[in-house]
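Trainee: Please take me through this one; I will ask as we go.

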Amino acid sequence: MIAEVLRGDVAPDPSLPRHVGFAKGSSVLDAGNQSVIAEAVAFLKTEPGEPLVAIEGHATPDEGSPAVVAELAKARAEAVRKSFVALGVAAARLRTAAYAAERPALPNDAETARAFNRRVELRLCAPEQPCP
């Protein structure tokens, strides 16, 4: 399933391993995040052609000022990138982007939705797609 998710063949879903969640105000990876990342890395090590991977950081408006939210989204993406590199993925394959609170997956009108929106999303970049 991870291959289809990373390729974008499967619609995003909170239970799928392309989603790395974070606690409010944090860019620290917890044990659950590490298992998601390990599964993604295992897939990437077998993927032919070594495609590029987009690591997209997100945050929510309730996590601080716009500048704080932007920095937090960037720190989340960077934490995931560093974890991928530590697990053996070449840094040249990884592209990070930070979208702050600009691209919520769900409306930010409830705490459960905001919790889901505090995330990093992973996706493979097809040759014809721009990759951050």
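**Strand pairing and burial**

Trainee: Which residue in β4 is the bridge partner of Ile55?

Mentor: The bridge partner of Ile55 in β4 is Leu122. Bear in mind that this is a predicted model, in which local features need pLDDT of at least 70 and side-chain atom pairs pLDDT 80 or more, while totals for chains, interfaces and linings use all residues. Residues are numbered from 1 along each chain as its sequence is written, and side-chain values use heavy atoms, with hydrogens and water left out.

Trainee: How many bridges join β2 to β4, and which way do they run?

Mentor: Six bridges join β2 to β4, which covers residues 119-125, and the two run antiparallel. Strands here are DSSP runs of E with at least two residues and helices are runs of H or I with at least four, numbered from the N terminus, and two strands pair if DSSP finds at least two bridges between them. Another position in this pairing is Glu56, which stands opposite Glu121 in β4.

Trainee: And in what sense do β2 and β3 pair?

Mentor: β2 and β3 (residues 94-98) pair in the parallel sense, over five bridges. Along that pairing, Val53 stands opposite Leu94, and Ala54 stands opposite Arg95.

Trainee: What kind of unit do β2, α3 and β3 make?

Mentor: They make a right-handed β-α-β unit, where right-handed refers to a path from the first strand over the helix to the second that runs clockwise with the strands pointing away from the viewer.

Trainee: Why is β2 largely enclosed?

Mentor: Five of the six residues of β2 (residues 52-57) are buried, so the rest of the structure largely encloses this strand. Buried means under 20% relative accessible area, exposed over 50% and partly exposed in between, with a 1.4 Å probe and protein chains only.

Trainee: Which residues point one way from β4, and which the other way?

Mentor: Arg119, Glu121, Arg123 and Cys125 point to one side of β4, Val120, Leu122 and Leu124 point to the other, and all are buried. Seven of the seven residues of β4 are buried, so this strand is also largely enclosed by the rest of the structure.

Trainee: Over how many bridges do β1 and β4 pair?

Mentor: β1 and β4 pair over three bridges in the antiparallel sense, and Val20 stands opposite Val120 there.

Trainee: Changing topic, where is the place of Pro66, and is it buried or exposed?

Mentor: Pro66 is in helix α3, residues 66-86, and it is exposed because its relative accessible area is 71%.

Trainee: What about the phi of Ala100?

Mentor: Ala100 has a positive phi of about 50°, although it is not a glycine. The residue sits in the loop between β3 and α4 (111-117), and it counts as buried because its relative accessibility is 12%.

Trainee: What sits over the ring of Tyr99?

Mentor: The charged end of Arg103 sits over that ring, 3.7 Å from its centre; the criterion is NZ of Lys or CZ of Arg within 6 Å of the ring centre and within 35 degrees of the ring normal.

Trainee: To finish, how do the elements of the chain run from the N terminus on?

Mentor: The order is α-β-α-β-α-β-α-β, with four helices and four strands. Of the 132 residues of the chain, 43% count as buried, and among contacts between residues at least 6 apart in sequence, 72% join residues at least 24 apart.

Note on methods. Contact = heavy atoms within 4.5 Å.
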